[in-house]
Amino acid sequence: MICDLFEAADAIAANLKFGYLAPACGGTCPAAIDEFDVALLREREELYRLTFNQAAVGIAHVGATGRPLRVNRKYSDITGYTEAELQRLTTVELTHPDDRAQDEALQQRLRSGELAEYSREKRYLHKNGHAVWINVTVSSLLDAAGERRYITVVEDISRRKGAEETLLRMASHDALTGLPNRLLLEDRLSHAIAHAHRTHTLVAVMFVDLDRFKNINDSLGHDAGDEVIVEIGRRIGRNLRETDTAARQGGDEFVVVLGGLAHESDACTVAQKILDTLCRPMLLRGQEIFPTGSIGIGLYPRDGTDTPTLLKNADTAMYRAKADGGNQYAFYVHSMSMQALDSLRMEGALRRALERDEFRLHYQPQVDIATGAVVGVEALLRWQPQLGPMVPPGDFIPIAEQTGLIVPIGDWVLATACAQQKAWRDAGLPPLTVSVNLSARQFQHRDLVELVARLVRETGCDPACLALEITETAVMENPQAAVAIFRQLNEMGVQLAIDDFGTGYSSLAYLKRFPIDSLKIDRSFVSDITHDADDAAIVHSVIALAHSMNLKVVAEGVEDARQLQFLREHGCDQMQGYYVSRPVPAAGIEELLRR
Ligand SMILES: Nc1nc2c(ncn2[C@@H]2O[C@H](COP(=O)(O)O[C@H]3[C@@H](O)[C@H](n4cnc5c(=O)[nH]c(N)nc54)O[C@@H]3COP(=O)(O)O)[C@@H](O)[C@H]2O)c(=O)[nH]1
């Protein structure tokens, strides 16, 4: 039972003041009240008045008409209306139009007595016109006259909602471009697939990757690179309908989803439009650049019926567009063998790894067996993709070799190793020979000698502390040419080593003519020297042969003390292997040397 306590108490107080008591609240308040009761009532009423007015939540007593009879200060603050203004508005009128239908349904259930109370999150329309998120609890009760009244308690949750929306946006959008990220893209793509399935239409998934983006980053800096990414996102978006999605995948990669297509040619039209807009000139730091992109397209249902397959196939097709020269689009082609696709994908991923600086060098110490001192390190390549575990060189060097990518990758290795050698020297570490592996392709490359000369010059590294390792097999592919290259490198002061010695078929006649410094015994022989008489004999012979030619011998893959003991007894000069250390990042070598 509700009696408006404010009115009741005011009336009682007035009656006491004038010396008589009369029913003062529509006949619903006690007519005869002794002074003690009145004091108690006043105390309670004061307590209630204070609580009502000072409450941190908005409170409204709402009448059967749906208009407030009384509201507290906080309720006015939340809505922006005065109490008098609110008394002319129903709570439904105060509610955001999008939330009214559900509100009306709940109020109907309150009116019918089906519900005694409900709580929900909804929006009020503030007097200024903006939406205010609130958590509202409405309780229904009957007053003394049997009329329905409602107590509405409102909590302003705009800040929480704002934070929730920000978090949701951050989780689903790319911070730089504001475009959907991969997570949201996958969601949109699965909806597009479901829609296409129902309507028997096509979905095109396009992988868009900028060509030579690394050049922009390297020459103009990362901030300029970011500006390009933002502008490219805008340009892609301008070619799409509202129902299409453009998302940023990371780096300079975007994915576009076109839903409800009738023909494959619709995808071609959009892809060409995107390419045309991408290559428009862009003014960046006073310099005009002409970005181009490569687009790979996968079609639902032809090239895949689920999200991961379509994305993977569009990605593969993009590599093809790039391999064919870039600034073009290519469709995924089913007829290619899985192996070809894998190597195509790997090739594309390696290109991107170079552009994104995902390669790292680890270094394995080389130890002088007689003194135990670390005298050198072998630089070994590692690939650390942005996402996923580190990839060992055995998994990607063969493809880099096949595709010729080993040349730019090898250039990077050489440049990084030279710079590291100089850095160690500058840091005051004892002189270390840094050995770098050269692939057969690099070795045959006509610019190798000039490249080494340029890097020595540019990095300031000491050529006498740089060793180039070439496998026996690579050298023997064209031993005559090798002699000429070795001579030029030798004149520069660079050390030369034949790697994996014993696994190929060296001609001793040529070996004598090579101006090399050392032979490296392959770890396949070392691993069994202590229990395979043949391997022991081979290692023994190689050491003897090398020494007879004044060459140093370095044993690879030494894993235990017994192998080391054998090598020491047979006069091997240097060793490397897990027994001393696995290949480690540059900082690990510094730590080892300072110990
Ligand atoms: N052209 C280039 N080739 C490179 C480059 N970096 C590496 N490589 C070649 O890749 C092959 C695999 O190299 P990786 O996985 O780094 O393996 C090297 C060592 O980690 C491994 N090793 C060293 N000690 C031990 C050991 O005690 N036990 C054991 N099981 N393995 C050991 O041996 C590899 C070194 O081989 P090698 O080059 O013959 O000295 C390998 O063929 C690399 O050459 C590059 O920059 N360019």
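Modeller: Two strands count as paired if DSSP finds at least two bridges between them. Strands themselves are DSSP runs of E of at least two residues, helices runs of H or I of at least four, both numbered from the N terminus. The model is predicted, and local features need pLDDT of at least 70, side-chain atom pairs count only at pLDDT 80 or more, and totals for chains, interfaces and linings use all residues. Residue numbers start from 1 along each chain as its sequence is written.

Biologist: How do you know that β6 and β11 pair?

Modeller: At least two bridges are required, and β6 (residues 202-210) has 8 with β11 (residues 293-300), in the antiparallel sense. Within that pairing, Val-205 has Gly-298 of β11 as its bridge partner.

Biologist: What is the order of the strands in the open sheet?

Modeller: The 5 strands run β7-β8-β6-β11-β12, with mixed pairing.

Biologist: What makes β7 and β12 edge strands?

Modeller: β7 (245-250) and β12 (329-331) each have a single partner strand, so one side of each has no neighbour in the sheet. From one strand to the next, the twist averages 20 degrees.

Biologist: Which strands does helix α8 touch?

Modeller: A contact needs C-beta atoms, placed from the backbone, within 7 Å. Helix α8 (residues 182-199) touches β6, β7, β8 (253-261) and β11. Angles are taken between N-to-C directions, from 0 to 180 degrees, with axes fitted to C-alpha atoms, for helices over the stretch in contact. The direction of α8 makes about 20 degrees with that of β8. Helix α11 (residues 264-278) touches β6, β8, β11 and β12, and its direction makes about 160 degrees with that of β11.

Biologist: Why is Tyr-363 called buried?

Modeller: Buried means 20 or more other C-beta atoms within 10 Å of the residue's own; 12 or fewer is exposed, in between is partly exposed, with C-beta atoms placed from the backbone. Tyr-363 has 26 within 10 Å, so Tyr-363 is buried. Tyr-363 is in strand β13 (residues 359-368). Beyond four places in sequence, its contacts include Val-377, Pro-583 and Ile-589.

Biologist: Which residues of helix α9 are buried?

Modeller: In α9 (residues 213-220), Phe-213, Ile-216 and Asn-217 are buried. What places them on the same side is an arc of only 95 degrees around the axis, an arc being that of the directions from the helix axis to the C-beta atoms. The face turned away from the buried side carries Asn-215 and Ser-219, both exposed.

Notes. Two residues are in contact if their C-beta atoms, placed from the backbone, lie within 7 Å.
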